[in-house]
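I am keeping these notes while I look through a structure for the first time. My plan is to write down each thing I looked up, together with what I found.

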Amino acid sequence: MDIWALLIVPLAAALIITFITRKRAELSSYVSVGAVVICFLIVLPYFVRMLGNPHFEHIEQSFLWLDIPGLMVEMGTIIDPLSLIMLFIVTFVGSLIHIYSRNYMHGEKGYARFFASLSLFIFSMLGIVLANNFIMIFVFWELVGLASYLLIGFYFEKPSAADAAKKAFLVNRIGDFGFILGIFVLYYATGTFNFIEMAHIIQAGNVSSGTLGLAALLIFCGAMGKSAQFPLHVWLPDAMEGPTPVSALIHAATMVAAGVYMLARTGFLYAAAPQEAMMVIAYIGGITAFMAALLALGQSDIKRIIAYSTLSSLGYMVMSVGVGGTGAGMFYLMTHAFFKALLFLGAGSVIHACHTNDIWEMGKLYPKMKVTAVTFILGALAMMGIFPFSGFWSKDEILTSVFSSGNYLLFGVGVLTAGITALFMTKVVAVTFFGEKRYHSHPHESPVGMTIPLVVLAIFAVIAGFAGLPGLDPNFGTFVSAVAGSAAAHAGEHGAHAEHHFNYFVAITSTIAVFIGIIIGWLIYSKKSIDNNAIAEKFSGFYKALQNRLYIDHFYDRVIVAGIYNNIARLFNFIEVYIIIHFVLNGIAYVTRQIGKALRLTISGQLQHYAFAMVGGVLVLMIIFVLL
Amino acid sequence: MTLNHYLILSFILFSIGVAGVLLRRNIIIVLMSLELIFNSVNISLAAFAYYLKSITGTVFVVFNITVAAAEVAIGLAILVAVYRTRKTVNVEELKDMRY
Amino acid sequence: MEGFPILSVIMLSPLAAVLLLLFIDDARVAVVRGIAIASTSISLGLSIYLLCIYDKAKGGFQFIEKIEWVRSLGISYHLGVDGISVAMVLLTSLVIFTGVFVSWVGIKHRIREHYMFLLLLVSGVYGVFMSLDLVFFFLFYELAVIPMYPLIGIWGSANREYATMKLTLYLSLGAMVALLGLLSLYFTAGAKTGVYTFDMLQIASLSYETGYQIKVFLPLLFGFGVLVPLAPFHSWSPTGHAAAPSAVSMLHAGVLMKLGAYGIIRAMWILPEGAQYWMPWVAGLSLINIFYGGMVAMSRRDMKFMIGYSSSSHMGYVLLGLATVNYIGVNGAVLLMFAHGVMTALAFSLIGFVYDQAHTRMIYDFSGLAKKVPFVAVAFAIMGFASSGLPGLANFVAELMVFIGAFKEYPIHAIVAVFGIIITATYMLRCLRDVFFREPMEKWDDLRDARTFVERLPFVILIAVLLVVGFYPTVIVDVINSGVVPLVDKLNAAKIG
């Protein structure tokens, strides 16, 4: 029952805030923070127990939600190592970000609304994590979309925020279009929505590989939307219109990672899917990772830079899943949740102090805000993947699994991406915290309520990587491979060992790439021995393209959206209005009216004319009657 | 007196009635002509009833008289109303109900 | 409660109110409203009670009342409900109850007459859903359509004469064609058994030659289809919605359109082989509804027209669900009739609320209303999300069932239909953004929000229903299912045979 409480408590918090404490901002925030902390406390004992015994029997609880002949849908929860890891991340990072938000959002007009939405988000996110079947995951999948919509559009008076919210929801919808079709394909192939039952049927080899490939790609569409993979990545950078804690929680640490979580959860499908389908996934991940890293270079808005780096990281994770390294992907997901939440919260702290998002209007903030600066730099180092920070271990695992799967092109892309990541992170750190002073306001360190989460997250960003230390047993990979329904869990083996040996070649290559990135970044942005503007001018076309997001958004807006809206919709409207209504319908009415106009001349209004006609008619009838 | 006599009488009355309806311009006369038509029908009904030894015709006659009475009452009431507003009983002038 | 004529009471209580209202002075508005509310709350209460006491395990037609009316023609006053009708009766009660409150706020002149026509219409609607006699079925069907003419003609907004004329002509045409089919059934069934009767149960229990079924199903499909509205006979509906006052739009989109679908369901039940023959065509036409209706809705700037076309788009899902002829799809279709009825009633009541104050419904005339009318904004957002199939709201469950059902029979259709959801989301969210979000405009500074109990009640009730069914659909799906299973069984038997 306490597992259901994970869903009930945050939902109740959202409802209480909406209906009861709406007018009382402070109280509302306590309700919301309390809810997420309670969730964390519920998860914690399970998590600790799991650390002791990774191969515990998973717990499934469900009730019948919809029962008609031919369709039985349950709402059910599953507790296994995978969901526990994710629950831990969501509730832990969630708690910290809730606490941070209490100060960050202080004095905002929609304070209560903000916390109600956050609670709704926690409810939906936990629903995704706990789901034991496809319908339930889809239900909550959509609900996080709603929460995300509400939070991106938090400043709804701002046109850009209103646009971004709509864009996020619709782009996700396109992904979900594939997702739901994939669910249908799987349902008709296996006759169940339940993950574990489905896994057993697929592992028994009862489903053709063509069907599996199709289903795998369709389901992946859902992940493409939520985890913002190319070509559906366009919503995520715009989503930064939301308040910064939201960016940290939803658009970095948890919701966007839900796509990767879902891929891990449905790992049985991807393990059985044909290689070609997996390659599509891996390459989409690779493209996203590389493209987003490049795009990050062209930005000067601190949140957008981090947003693109998130995109890039998500691409990394997806690439890892694509080459079969689900464990590595999940590992990266976890470390990423810590360091990316940290980076966003740090950015929030900076924005809070400077009242601008533009890094070129900051500079030399280190002396003013030491805690923020130090934690931010730790986060940046973790993100770049410097030994021994958490990012190093997780990135290394991904690169190793790519390398060992033999996709050297993707490996090259991964290494290159790591280098570029180091470059732009160096840029952010150098320009924001060091260099000359360019701010106009009077920045000061943020209050304790904001710095404590930063510090806690920084600690985890540094040490979380040790969870996946190669050679450690049980390590992170063990837990992930013990996911319920997977072949490994089924056989009770330790799947992780075969997957990851520490590969010195990979580690050294990537570290070299990272240091090259840092050095270039240092030369350009700190030492100024390479002139920033000179490069920009030399590659002006490319630089401009980067600033315009490689024109992908333009293409969508001008070609696809405008194409559908201006052409198809207008055409149909034209058919409706002019052809169906004006021509056919009003045409029929017009003809009828004209005939009526002609005939009405016979109506003289003279009573006796009618009488004559009647008598005449009767006479004619009589004559006919007699004659015949 | 055979049935034919009655029928001829009925026919004559009917024709007078139709002619009255068609030709007279005074609406009161038109109404009276209508009554004439009614009664011509009643005569033939009664005659048939007598010669066919059936009660049905007689019953119908009674019905008709009742209906005719009601009709005259309504008709005259309308006429009075029309006269009050239009100050005329000439059918040719009462021709508003046209195109 | 044994022997209590629950159906008659539900149906006749609005009719009794109409008669009572005849004797009330126009000026005594409070009494007029009181009578309307009292009669509709009786119906609503009993409808909910009906849902609870309907025996799902037994299924079939229950609470049967039968009084002979014209023996020589085999006409009788014959009422009874199965699972499908129970849901529809409940929907009708919800919409009229909330509609009465919406009219309270929205209608300012000739209040008594307005309520009289409204309640008369509703009696007709109840009658259609309950009648087991074809003559009464048809009679009530007309009774549900005709009051629309004065309701739109007198209390409507711009272009009302055109709209009301078009609507009445269209619907009469449909009714006439359907009548042909019904009469044909009467004579054929009579010739078969020697006993001429309009008893629907009797007529449905016979089996007809395949050729005959195919021929007669068509007029029924077309006749009722006009009311659904089946593309391409839909154009009366958005025009009618747009011109009608709020409560009438609510009934119109919420309930009247469902009469058409309900008629088709009954026709499928009577003529299973004919239905099987025509269903692929219906599936095809439903896609026109979904896609074409959605696209036209997208290009409309008038909110009522937008919702009007979106209704015709959503009724496409209902038709698609019916066309699947399997348990999942048909259940989904009926649930969607219910869910869409509630959702669209909410939509029109909200738009009406804004229109009555602002006197415009054009999307581009508004901006940032969420600041001025937060309650309405939230309700509108819920409506928009329900319409675009967000989980947690009733429409999602229904659409999901339709999709799953359709995916089995018509995978290509299902893909297009699922895509339709994206179209819906597009125009709903765009409307939400343009009307309620972005910068507030000065000219709407004195717009007032729904504050009083009377103003809020209809919105709250409708939203609550959407949420309850969305979170726990079993409350109503069980009942619907008990009506759908025998229907689908019969249809499937016809397919094999």
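The entries below take up a pair of helices, a contact between chains, a whole chain and a single residue.

**Entry 1: a helix pair in chain A.** I noted at the start that this is a predicted model. I then looked up helix α10 (residues 244-253) of chain A and helix α15 (residues 326-354) of chain A, and found that their axes come within 8 Å and cross at roughly 160°. Since angles over 145 degrees count as roughly antiparallel, I wrote down that α10(A) and α15(A) are therefore roughly antiparallel to each other. I also recorded that the crossing of α10(A) and α15(A) is right-handed. From α10(A), the contact is made by A:Thr244, A:Pro245, A:Ser247, A:Ala248, A:Leu249, A:Ala252 and A:Ala253. From α15(A), the residues that take part include A:Lys340, A:Phe344, A:Leu345, A:Gly348 and A:Ile351. Sorting the residues of this contact of α10(A) with α15(A) by class, I found 11 nonpolar, 3 polar and 1 charged.

**Entry 2: where the chains touch.** How many residues does the contact take from chain A and from chain B? I found 11 residues from chain A and 10 residues from chain B.

**Entry 3: chain B as a whole.** I looked up the elements of chain B and found 3 helices and 0 strands, which run α-α-α from the N terminus on. The radius of gyration of chain B is 16 Å, well over the 13 Å that the globule rule gives for 99 residues, so I described chain B as more spread out than a compact globule. Taken along the principal axes, the box filled by the C-alpha atoms of chain B is roughly 50 × 25 × 25 Å. Of the 99 residues of chain B, 12% count as buried. Looking at contacts in chain B between residues at least 6 apart in sequence, I noted that 47% join residues at least 24 apart.

**Entry 4: one tryptophan.** Where is A:Trp360 placed? I located A:Trp360 in the loop between α15 and α16 (370-384) of chain A. I listed A:Trp360 as partly exposed, because 13 other C-beta atoms lie within 10 Å. Leaving out residues up to four places away in sequence, A:Trp360 touches A:Ser300, A:Val431 and A:Arg438. I also looked up A:Asn503, which is 143 residues from A:Trp360 along the chain, and found that their C-alpha atoms are separated by 40 Å.

Note on methods: Residues numbered from 1 in each chain as written. Chains lettered and ligands numbered in written order. Predicted model: local features only at pLDDT ≥ 70, side-chain atom pairs only at ≥ 80, totals over all residues. Axes fitted to C-alpha atoms, helices over the stretch in contact; angles between N-to-C directions. Helix = DSSP H or I, 4+ residues; strand = E, 2+ residues; numbered from the N terminus. Parallel < 35°, antiparallel > 145°, perpendicular 65-115°, else oblique. Left-handed = near helix turned anticlockwise from the far one by under 90°. Contact = placed C-beta atoms within 7 Å. Nonpolar A, V, L, I, M, F, W, Y, C, P; charged D, E, K, R; others polar. Rg over C-alpha atoms; globule rule 2.2 N^0.38 Å. Buried ≥ 20, exposed ≤ 12 C-beta atoms within 10 Å, placed from the backbone.
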